[in-house]
Amino acid sequence: MLKSRIAEHIEKSGYRRKYIADKIGVSYRQLASYIAGEHYPPVPKLFFLAKLLGCRVDDLYEWIEEKKPTHGE
């Protein structure tokens, strides 16, 4: 499962979310859905977003291992 870390990088950048949405060519709502992890940006937008925020693409998401229940649970 992927956890979005986009909000952290936006905060570090000092840019406003509306500015970032305009720069990557999406609506503010679409950017909010990327931040919330409801949707994922297409790969070209993901790379552009990383460049804009001064980070690597893999810094924008964190892989979270899902816990699988054992037989006794």
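1. A salt bridge here is a side-chain nitrogen of Lys or Arg within 4 Å of a carboxyl oxygen of Asp or Glu. Asp22 and Lys18 meet that condition through their side chains, at 2.9 Å from N to O. The model is a predicted one.

2. The Asp22 and Lys18 pair lies in helix H2, where the two residues are four positions apart and therefore separated by about one helical turn. Asp22 is partly exposed, at 47% relative accessibility. Lys18 is also classed as partly exposed, with a relative accessible area of 46%.

3. In total, the structure holds four salt bridges. One of them joins the side chains of Glu8 and Arg5, with 3.0 Å from N to O. Glu8 has 33% relative accessibility and counts as partly exposed. Arg5, with a relative accessible area of 24%, is partly exposed.

4. A network of salt bridges links Arg56, Asp58 and Asp59. Arg56 has a relative accessible area of 53%; the cut-off for exposed is over 50%, so Arg56 is classed as exposed.

5. Turning to helix packing, H1 and helix H3 (residues 28-36) cross at an angle of about 115°, and their axes are 8 Å apart. On the H1 side the contact is made by Ile6, Ala7 and Ile10, and on the H3 side by Leu31, Tyr34 and Ile35. Sorted by class, this contact has six nonpolar residues, with no polar and no charged ones.

6. Helix H4 spans residues 43-53, and its buried residues are Leu46, Leu49, Ala50, Leu52 and Leu53. Why do these count as lying on the same side of H4? They cover an arc of only 160° around the axis, which puts them on the same side of the helix.

7. What do the buried residues of H4 pack against? Their partners are helix H1 (6-13), helix H2 (17-24) and strand S2 (61-63).

8. The face of H4 turned away from the buried side carries Val43, Pro44, Phe47 and Lys51, which are exposed. Just after H4 comes Gly54, with a positive phi of about 70°.

Conventions:
Residues numbered from 1 in each chain as written. Predicted model: local features only at pLDDT ≥ 70, side-chain atom pairs only at ≥ 80, totals over all residues. Heavy atoms only, no water. Buried < 20%, exposed > 50% of the residue type's maximum accessible area, 1.4 Å probe, protein only. Arc of directions from axis to C-beta. Contact = heavy atoms within 4.5 Å. Axes fitted to C-alpha atoms, helices over the stretch in contact; angles between N-to-C directions. Nonpolar A, V, L, I, M, F, W, Y, C, P; charged D, E, K, R; others polar.
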